[in-house]
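Please look at the sequence and the model first.

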Amino acid sequence: MLNIPGRPGQTCEGPTRRELMRIGSLGLAGLHLPGFFLSQQAAKAANLQEKYRGARGFGNAKNVIMIFLQGGPSHIDIWDPKPGAPANIRGEFKPIKTKIPGTWIGEHMPMMANAIDKATLIRSMSYTPNGLFNHTAAIYQMLTGYPPDKVSPSGQLEPPTPADFPTAGSHISKMIKMTEPVLPFVELPRPLQESGIIGKGGAAGFLGKAYDPYRMYQDPAEPIKLEDLSLRKEIPPERLKDRFELLKGINQSMPELEKALNAAAVDEYYGKAYDLVLSGKARDAMDLTKETDKMRERYGLHTFGQSVLMSRRLIEAGTKFVQVNWPSVANGDPEKTAWDTHAANFGPLKNLHCPKLDRALSALLEDMDSRGLLKETLVVAIGEFGRSPRMGVSTSGNSNSPDGRDHWPYCYSAVVAGAGIGRGVQYGESDATASSPKEKPVHPNDLLATLYYALGIDPEMEIRNHLNQPRELVKGKIVTDLFA
Amino acid sequence: MRPLLLLASAAALAAQPTVTFLRDVAPILNKTGCTSGPCHGAAKGKNGFKLSLRGYDPQFDYEALLYDLSGRRFNRADPGRSLMLAKPSQQVAHGGGLRFEKDSEYYKVIYNWIARGVPYGDPAKDAVAAVEVEPKEIAMARPGEAAQVKVIARYADGQTRDVTREATVESNVPDVAKVDLSAKVSGERTGEATMLVRYQGKFSTIPVTILNPKPGFVWKAAAQNNYIDMHIDAKLQRLRIQPAPLADDATFLRRVTLDLTGQLPTPDEVRAFLADTTPTRLKRSKMIDKLIARPAYTDYWTIKWGDLLQSSRKYLGEKGTFAFREWIRESIAANKPYDKMVRELLTSRGSSYEDPAANFFRVTREPKPTMEKTTQVFLGVRMVCAQCHDHPFERWTQNQYYQMAAFFSAVGLRPGYEVGEEIVYDQRADYDMKHPKDSRVVPPQFLVASAAPVPIPNDDRRRDALATWLASKQNPFFAKAIANRVWSYFFGKGIIDPVDDIRASNPPVNPALLDALTKDLTDHNFDLQHLMRTIVNSRTYQAAITTNEWNETDGDNFSHAIPRRMGAEALMDGVASAAGARPNFPEVPEETTATQLPDPHVGKDGFLDLFGRPSRESACECERRADLSLPQALNLVNGRTISDAVADSKGRVAKLILAGKNDAAIVEELYLAALSRLPNKAEAERGQKYLSGGTRAVRSQDLLWALLNSKGFLYIY
């Protein structure tokens, strides 16, 4: 190895404050989109403002936290108890009162019973799958707004392809301009997964890999390494600055090429990459040691709790879309980590899953609210489906234990909050057995349409798929009644 | 059967001079958007009412109106109370909003039609036979001018009608020429556009040219290297566009080496080429021949064809992928005539190990996807839309989709004797292709008739007839599609673009050029090397990226080169070769380059995929991406690929330092290695100054890092 003398290696801590002040920022300032695009964007924005003028909740949100409970949590045991239903339906848990008058939830969600006054509980999520009943198909439907065409109930799973519809976060991170040197779309702590299929429904599909989420793939409850976001050891900030100065000179000495590439926004991406690495904002946002022990404990000292805490830090730093996935593969072992409670339902929910979800989600709502972040951040907590109200029956072709519950997309629950969503409200209602919505059904596409709308994006806008065919961003109804 | 009875009675009514569904009502449903994709034309209809997409199936729509809701859509006694009028005119709530007013002409037409008993009309009389337009083409002397388009429908019975108001007129480049609802075309800026006119499934196009009005244009003829330049110049002169001059030798060498072999020229090659005093045209021509003869040429085009034929272990297994790739490699190394190569693919049968071309069928497996791939890759025609409905912007019908798929309906796959082996065979029974609408047997039929008729046997060997028809000089699509596709590899876009979406509504920017390339290719028996050699020898290909006042807004007519981002494999290999680092992929022999990898399984989810290497999930050219994004910039700036390469202990910088080279020599060598050119005086001085400002090894690494991150490296220009 050639010995390179010079500066001592920097640690992953990154540059000091003083170093940063010396170097300054060369990225975002002075870089701009060519005027043509700007005027087009302005024209589009004006039309959109006109279309949704005066509409409740339009454009309220600046960013999104999607807490995606892959595996399919049992809505009847957690959010929508039916004490009056027959024993083989109502299950073992008792209902408890919440801060929403007349709305009771499962006894193992006591902190959420209190924190629900900051959120809306939707009890009428519902859709009928196109003959497909596995997790991957349902996740794809939930997050892209389109039914998958190649995922079959027999377990024939299709990995992500460039023909896939993009996941919501990819669309959003492409459409919304970043103002801070941070990552636009982050997925924690690991990608969506069923068996060996990783990331289906959670990728950029035909938008191209450039719009895939930044996937941390580490456990935030453990010390984490972020090599690509940290300056490399042998490259202290001064050296990176020198390199960029050199680069600028080389580019400038090829003026014809500069002119021809004017519209390609190369400098903009380079400026952002520079800021991202140098400012350390993205890395700091993922550094949970900057939180107090008390705060970390409030969210729960486990992978899920710490991921949810990290999502708040990322949003604070300027990330547009954070997706926190339940940190277990969707079809994992319920006795350990998964919501997929075919083989065992009540024990795992009571002892493992509900306490984690209850703690982390209530902490997030309270913490975001007290920091004022809930005003501009839409928080959604939902799974790809609920679970069969009747125990021990097979709806998906899986076998179930007598107290197990199978997949159930026809009726389930979601918690939504922030960006003007009603506080302490129940929306929709299920029937006597939580089997189907009694009123105000909300299709996953309706929820997605509402999410785009909250961000000021027209859900009806035309997008072009990989064959350049026109498609709607999502075919759903905006549920304006969710907004207060 | 109800439809038959209905037709009989409808025909009787149509005898009177009256309004019919076919002639009068269906166009209104299309014009007012009822049959559009977001409304009732959606695959599942809207709010329980389904019409065919853009009204391609009027009989279906008629029956839907008549029978759905037990006929509640019509009240013949009081037509105004029919849902079909009350909804779109918003007399009752309508999810689709107001489509026409109660006092509108459309309302009256439908009212009268209901009042007269909703006659269907007679397809032999009332169907539209052709759409005619006036004027046939539009030429404007300057932006700001306008022209009115008139659309005439000619019916099957010979009658005509002005349907300008009901027809749809769209511009393919609205920022050059836009069109309003009254079919008035206005010129926005200098350039060309095509108006696509559609009416009742028939369509026509109008080319629009808007000239540059700036005074003082004098055509300065530049040397023409071959017929390509002749056709390009003819068009440029007409549009008052002055082409760019030739690129200099270093730029040419870098561009052509990357385009033909996917590799950068070495510093020594650049020096030798610059020192060679042979006259430019000859010197370049000789270099082109040398490059085509290199093994790297074979590697590079094996990647391209591996992409298009989806050679991947996901479909073919490991052994199958290697066999298929080897077959592709040998075809390219031997410069197998393209028609022969395609015939071998389409007629392959037997063991996938013994006849590796048979892997072609193992990727798509089923007749329909095999047909879609065959037409898209070899004919540049996308049939996929026509599976569910007639193609909205083309003449291809749903029937044709199944007729073409029927050629492959007898192809079967069964396991072979060895692990992973499959046998492609022609089934003896039950292989008929059935139409989804009524399950009738659809016999195979060619998409278009060939000048030299090919008999179609109605047996299990029908695909052989398809191969004969498809890969023939007389096929109007086959040679044209590949000529256009190959062109796009050297210019970043096709003469028709996208290259695999050839249709009347997507016309070539220079038809004469495309025809000439096509003829040249067939005259030379589908010799692809000849085609490439002709293209890269042209002045048009060798033009600089520099623009002048006459061509600076032109991005369509190849009047100057346009920078293209290096492809994923070329970029990765370029970093390695410029830095003198050795590529290091798992599962393959040492020093295998990115361009030599067998399939996208190797190095998955790494640098190559981030930079848009196709995963070979489809045969679409669009899988390969050439955009630039934040994660890519992050990787180039701070990722391992470049950072490790410049600091490689056996790399170029290390060797230069250890050899004791001086600053001037180091700067020159790094410019040659990364940008394939010598630094100019200012660059050399700046580089040397930087090197002398600190530890030379560190500083040299910085310089190489900056060169590899510069636009001059990332782009082919």
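## Chain A

Of the 484 residues of chain A, 54% are buried, a residue being buried if 20 or more other C-beta atoms, placed from the backbone, lie within 10 Å of its own. The chain holds 15 helices and 18 strands; these are DSSP runs numbered from the N terminus, with at least four residues for helices (H or I) and at least two for strands (E).

## Basis and confidence

This is a predicted model, in which local features need pLDDT of at least 70 and side-chain atom pairs count only at pLDDT 80 or more, while totals for chains, interfaces and linings use all residues. Residues are numbered from 1 along each chain as its sequence is written, with chains lettered from A and ligands numbered from 1 in the order in which they are written.

The average pLDDT (the predictor's confidence in each residue, from 0 to 100) of chain A is 86, and 88% of its residues score at least 70.

## Strand 9 of chain B

Strand 9 of chain B covers residues 191–199, and nine of its nine residues are buried. In a regular strand, side chains alternate between the two faces of the sheet. Here both faces are covered, with Val197(B) among the buried residues on one side and Leu196(B) among those on the other.

Strand 9 of chain B runs antiparallel to strand 6 (residues 168–171) of chain B, joined by four bridges; strands pair if DSSP finds at least two bridges between them. Val197(B) is the bridge partner of Val169(B) and also stands opposite Ser204(B) in strand 10 of chain B. Strand 10 (residues 202–210) pairs with strand 9 of chain B over nine bridges, in the antiparallel sense.

Methods. Buried ≥ 20, exposed ≤ 12 C-beta atoms within 10 Å, placed from the backbone.
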